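Hello,

Here is the structure we talked about passing on. Please open it alongside this note.

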Amino acid sequence: MSNHSPATGRSLLYLVVAGVAWGTAGAAASLLFLASDLGPLALSFWRSAGGLVVLLAVLAVRRPGRTERGRRPSTVSLIGTGLMFTLFQAAYFGAVRETGLAVGTVVTLGAGPVLIALGARYWMGERLGRGGVAAVVGALAGLAVLVLGSGGGEVRPLGVGWALLSAAGYAGMTLRARSLGRRGAAGDPLVTTAWSVGVGTVCLLPLAVVEGLLPHTGEPVRVAGLLVYVAVVPTALAYALYFTGAAAVRAATVSVIMLIEPVSAAVIAVVVLGERLTGAVVLGTVLLLSAVGALILAEARRPADGPDLSGARPAREAQSALT
């Protein structure tokens, strides 16, 4: 009988749901770009601002007394997480602009797990083991096949630099969440998410104004509905689940599980947007899901009192912040 923690299982589920939700953001963005002249930076601003409104509303009506006092991260720490979130988002769009969507995505999402695995090993002593390393390599191979399989994309040094900067922001955000979780100081995931998107809103506003803040469209109802969806599902909900799961699961495992995002985006592109199903999409999806599944099984089988989870708050405490 497995002696894994049920709390770890819930955290893994939260991360999977968050990754799938993030993948839907790309489809929603594609529909928004088709229906309006909204640019990527303006979309990122409205995504953050709308998510902030949703989270503040939830925090205002949520029942009090469900989270521990005295175990919350400091304001400086929350702002730091928000800056990493903003760097992750803004630098990624810079990479896409300079070197294209395919190369920007592969470098950002491919470098992320490597940076996180190295950081978790040297700063927190988390070991992947041979099986974990093989899973990470398999996931990165699947990502490359999935996104670059069409043969498109041009590698430009400036774009690669932006992508690596984006990956560094993502890695820092993940490592910080895991480190706080190990010390029992992860705090309320809804508050962490609200601070993150709040900082993102402030930082992205001037960039969005320069790009064009308000969309011009002949389909205002459709555009408004898509903006609401992006703010609620792949932002407010997904990031709250992400910060909950990232506090209780090994950092490198988190980064590989979140590679479900491009799989989700690819499936939606084929099923909803009518894009062609290619052999590269199938092969990349199989490789990625196999690697993610292997890491999920390995993580779920770890003892509840295993060394990599020592000092972490039980996920049920973080879960209570979502109810």
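Below is what turned up on the nonpolar cores and the aromatic pairs.

One caution: this is a predicted model.

Start with the cores. The largest nonpolar core has 52 residues. Within this core, M173, Y239, Y242 and M258 touch the most other members. Helix α8 (residues 220-246) gives the most to this core, with 8 residues. Take Y242 as a way in. Leaving aside residues up to four places away in sequence, Y242 touches L15, A18, W22, Y170, M173, T174, V254 and M258. There is also a second, separate core of 16 residues. Among its members are A28, A35, F45 and A208.

Now the rings. The structure holds 8 aromatic pairs. F88 and Y170 form one with ring centres 5.0 Å apart and planes at 25°, under the 30 degree limit, so this pair is stacked. The pair links distant parts of the chain. F88 sits in helix α3 (residues 75-99) and Y170 in helix α6 (residues 157-182), 82 residues apart. F88 is buried at 9% relative accessibility. Y170 is buried too, at 3%.

Y239 and F243 make another pair. Their ring centres are 6.3 Å apart and their planes are at 40°, so the pair is tilted. Both lie in helix α8, 4 residues apart, about one turn of the helix. Y239 is buried at 2% relative accessibility, and F243 is buried at 6%.

Which residues do ring pairs link into a cluster? They are W22, F85, Y239, Y242 and F243.

Best wishes

Conventions: Residues numbered from 1 in each chain as written. Predicted model: local features only at pLDDT ≥ 70, side-chain atom pairs only at ≥ 80, totals over all residues. Heavy atoms only, no water. Core = buried A, V, L, I, M, F, W, Y, C linked by side-chain atoms within 4.5 Å. Buried < 20%, exposed > 50% of the residue type's maximum accessible area, 1.4 Å probe, protein only. Helix = DSSP H or I, 4+ residues; strand = E, 2+ residues; numbered from the N terminus. Contact = heavy atoms within 4.5 Å. Phe/Tyr/Trp six-rings, centres within 6.5 Å; stacked < 30°, edge-to-face > 60°.
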